[in-house]
Amino acid sequence: MDMSLTVVLAVNSVTLGGLLFLLSAGFSLIFGLMKIPNLTHGSFFMLGGYFAASLIGWGVDFWSAAFLSGLLVAAFGGIVERLILRRLPGAELAQVLVTLGLSFMVADVCLRVWTGDPIRIDTPSALRGATSVLGVAFPTYRLAISVIAVIFAVALWALLDRTRLGAMIRAGVDDPAMARVVGIRVSRLFTIVFCLGAWLAGFAGVIGGPILSVYPGLDQEMLPLALVVVILGGSGSLLGSLVGSFIVGFLYNFGQALFPELAYVVLFLPMLFVLVLRPQGLFGRQAG
Amino acid sequence: MTALAVRDLDKSFGGLCVTAGVSLSVEPGERRLIIGPNGAGKTTLFNLITGELRPDRGAIMLFGRDITRVPSHRRFHLGIARTYQIITLFQGETLLRNVMLSLLGLSRLRWNPFVRLARQGALIARARETLARVALDHLAERPLAQTSYGERRRVEIAMALAQNPRILLLDEPFAGLAIDERRDVLRLVTGIPRDVTIVMIEHDMDVALDFAERITVLHFGEVVVEGTRGEVVAHPRTKEIYLGA
Amino acid sequence: MKRLVVAAALAILATVPVWVGGTYYVNIASQILIAAIFALGINVLVGYAGLVTLGHAGLFGIAAYAGARLMNNGHGHVAVAAGALAVTLLGAAVFAALALRGTGLGFVMITVALGQIVWGVAYRWISLTNGDNGISVSGRPSPLGLSLASAASFYWATFVIFLLAVASMAIFVASPFGASVLGTRDQPRRMNALGYHVWMIRFLAFLFSGFWSGVAGLLYLYYNQFVGPQVVALTASAEALLMVISGGAATLLGPIAGAALVVIMKNVASAYIERWNFVLGAIFVAIVVFMPEGLVPGTARRWRGAMAALRQRAAPPVAAR
């Protein structure tokens, strides 16, 4: 494999890694902190893309569409959390089934509204073309995705580690009963976290649009990637999501290039590795 | 040879140290009581001994054999039995079936997928005997969910005894019992022959002090006082821990 | 009384091709039996071992694809069956070893990831699975020289296997090993303290469950004469789970009834509504929202456990009858 192909693959890997981080950070938050296995997460990603495609079609610019789509998905997520998930605290099987069922319903509705043809989202005009970094030309948009992912990683870390909201989130997770006693509105907090996770997924779906397009089945393709990231990186760990996302991004792209038919199997191997050696994930907390 | 010896046992969860350099040894036939305020690490110590938790450091010896590396479920084949603070028996099953399950655990039969469990006459007879030993055989067909807490505790202890243990670990056996139930359980426990060594965690001093020959006091994961009943009760640190707490 | 009902039911099932009108309905009956075998297999894990799986379509698919490949390579049907089931058992062992690294929820999530990986292979590894186009086979086995080409004869062969499956489940549940499995569902910690090797019990239950899923997959291949990636999609695992839950997990009859329900609804629904996926999803949501407790023994246990922990004293004993 020659050098330029390697570089292209590397760039694509970083891009996919960045997208996966945005997608799985939300999933990891919801799963790790709220203990909810949100199998609707892939649907959030796809919905974000579809919403943005329509918004852009109505003349909204790319970035506003990305932000707004995220909000629409977050709103949907909020409704799901308040009306359904809230009634099932700790009932993990029920949560799995309900989020799974919702993902099927969403997929079907999307198919009806937006039909089965893949929809392309155009790269925002400001970021088209290539940029030269250290003398090498990279597609500007893909660089931008990486930058965005890093910005969000830092922002999320700051939120969790440095703000009162983040402290309340962490407290509410460690001991919801105690947190309530101390005056933290745990249920409102959980809704906020769920909506935040949904927003991130929806936003990611838009950002990924120019590269992946939006099509039926996108949800089913992205969900297991997010799952593998969280299994690898450990749930509830932002750093784990970050590292896991890039590992998956690299494995997927290089795997697909080197062994085109085995992309999924290539993902399988490190997951196997991690599960055997460190079942809580690379950065997860060990079960007590 | 000591029945049970624990040497320099350490266990931490993240930053929290729950067991700090605990060492103790129990002689065969002894009646040892472990006390200490909430959070002292008493149940954790039991969990380390049974292997339900892995220690960060230290060793556990059972009748001279180092069992630190032995998988948890295998330790129960080596002569340990235990009860739990919260009774976790099989709610949907009858008392008889509960006891049968406990007897099955140490028998080769447990891997057999072909024969009918209901036809295993020898096992069923032994189960009835076990219930009879705690005067509960008249309730053999009663679903566990329809028995009183005291009856369940007696069943639980009976199940542990049915495993023919050399060491019995009792974790707060009197918790949640009414006075007459306590009396029944106490009678049961004091009636256990001396070939079974007993280590008990208890909060209820009235009952437990009578039972204990030697006492170990834990505080913040460390052994702070140890000795005969008289020594421990008179010790200034004991009073400090219990009155100060 | 119960024996009479069972005998009557068996008689009815055995004679389906005689009284049901037309090949189409006999085929539906075969589909129901195949689905029932699959659901019974999953029930071993979900109902009896308390381990929810959303990846078993992967094992079903492995059997079907392995069978298809072996058949198209010219092997005889005995070799096909043995080979396919051997590969499936190997797959089940790998699935189990990985999934059991997680507990409860972790277990489910790992089965989802594993099932999706099998789907990815089915969809992308074109040289192995022909991707989206799937693999066609022709021919069915001729046990004892009898042809299974007709709908009725295939139904009867499937019925025999179905009976074997049900019998094996009944024996399993009544056995000491079955009691061990049930015990690990309800009180895994206690089982460990009683000397049971909880991991090994679950692992073996997984293999038993995988075996019957493989049998169902192989039967499906013979029935359909074709296998494609849709068979291993998450929706397939979800449907199978629905069969187990809707009929009543941890019973013998439940998965059978659930399979009948889901297959009939699917065939009826596709006549009137094209949106089976939407209906499937809505049913899941409805089941959860309207009966969140006691869906499956595991969830009922969570409630009972919580109640028991809160209560200091149980209710006074019921007066002797």
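Reply: Two strands count as paired if DSSP finds at least two bridges between them. The model is a predicted one.

Me: In what order do the 4 strands of the open sheet in chain B lie?

Reply: The sheet is open, and its pairing is antiparallel. Its edge strands, each pairing on one side only, are β2 (16-26) and β5 (65-66) of chain B. The order is β2-β1-β4-β5.

Me: How many bridges join β1 of chain B to β2(B)?

Reply: Strand β1 covers residues 4-13 of chain B and runs antiparallel to β2(B). One of the partners in β2(B) is L24(B), which bridges to V6(B). The number of bridges joining the two strands is 7.

Me: Which helix of chain B packs on that sheet?

Reply: The helix touches β1, β2 and β4 (57-62) of chain B. Its direction makes about 65° with that of β2(B). It spans residues 42-50 and is helix α1.

Me: Are α2(A) and α8(A) parallel or oblique to each other?

Reply: Helix α2 (residues 41-57) and helix α8 (residues 186-207) of chain A have axes 7 Å apart and pack at an angle of about 50°. An angle under 35 degrees would count as roughly parallel, and 65 to 115 as roughly perpendicular. The two helices are therefore oblique.

Me: What is the handedness of the crossing of α2(A) and α8(A), and how many charged residues does the contact hold?

Reply: The crossing is right-handed. Residues of α2(A) including F44(A) and L47(A) meet residues of α8(A), among them A201(A) and F203(A). The contact divides into 10 nonpolar residues, 5 polar and no charged.

How values were computed. Residues are numbered from 1 along each chain as its sequence is written. Chains are lettered from A and ligands numbered from 1 in the order in which they are written. This is a predicted model: local features need pLDDT of at least 70, side-chain atom pairs count only at pLDDT 80 or more; totals for chains, interfaces and linings use all residues. Axes are lines fitted to C-alpha atoms, for helices over the stretch in contact, and angles run from 0 to 180 degrees between N-to-C directions. Angles under 35 degrees count as roughly parallel, over 145 as roughly antiparallel, 65 to 115 as roughly perpendicular and the rest as oblique. A crossing is left-handed if the near helix is turned anticlockwise from the far one by less than a right angle, and right-handed if clockwise. Two residues are in contact if their C-beta atoms, placed from the backbone, lie within 7 Å. Ala, Val, Leu, Ile, Met, Phe, Trp, Tyr, Cys and Pro count as nonpolar, Asp, Glu, Lys and Arg as charged, and the others, Gly among them, as polar.
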